[in-house]
Amino acid sequence: MRISLFVDEDAMSRALLRGLRSRGLDVTSVLDEGRVGQNDRAQLDYASQQRRVLYTFNVGDFCRLHSEYANEGKPHSGIIVVYRQRYTVGEQLRRLLRLADKKSAEEMRNQLIFL
């Protein structure tokens, strides 16, 4: 099964969401889901409940959460992190689509991937 994405507040970009959707990727955001302002753990829990991989620019907090979940034996649906300054929207789009073609939702489970 192909991955579905949940884009957090830090990574929200209308252009990115439009681009991913127009290429057939199932993607939603904290804004779409009415979750703006929720803490990072709540966002990751929600993404996991929805079987969505969380996409974020918040490298430090989500790397820490990934470790905490592993130590607690708590599963998540996957986390993709990227440094905001590193890639344009077009490059993020290309890299996310390439990742979605290579990794299934099951393969992303409990994984932390740097884009």
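Leu-5 touches Leu-20, Leu-25, Asp-26, Val-27, Thr-28, Arg-52, Val-53, Ile-80 and Leu-96, leaving out residues up to four places away in sequence. Contact here means heavy atoms within 4.5 Å. This is a predicted model: local features need pLDDT of at least 70, side-chain atom pairs count only at pLDDT 80 or more, and totals for chains, interfaces and linings use all residues. Numbering runs from 1 along each chain as its sequence is written, and side-chain values use heavy atoms, without hydrogens and water.

Leu-5 belongs to the largest nonpolar core, which has 23 residues. Such a core is a set of buried Ala, Val, Leu, Ile, Met, Phe, Trp, Tyr and Cys residues joined through side-chain atoms within 4.5 Å. Buried means under 20% relative accessible area, exposed over 50%, partly exposed in between (1.4 Å probe, protein chains only). Ile-3, Leu-5, Leu-20, Tyr-55, Ile-80 and Leu-96 touch the most other members. Strand E1 (4-7), helix H1 (14-22), strand E3 (53-56) and helix H4 (89-102) each supply at least two residues. H4 gives the largest share, five residues. Helices (H or I, at least four residues) and strands (E, at least two) are DSSP runs, numbered from the N terminus. Another core lies apart, with 13 residues, including Leu-44, Tyr-46, Ala-47 and Phe-62.

Now the backbone. Most residues other than glycine have a negative phi. Arg-51 has a positive phi, near 60°. Arg-51 sits in the loop between H2 and E3, and counts as exposed because its relative accessibility is 70%. Asn-110 also has a positive phi near 60°. Its loop joins helix H5 (105-108) and strand E5 (112-114). At 32% relative accessibility, Asn-110 is partly exposed.
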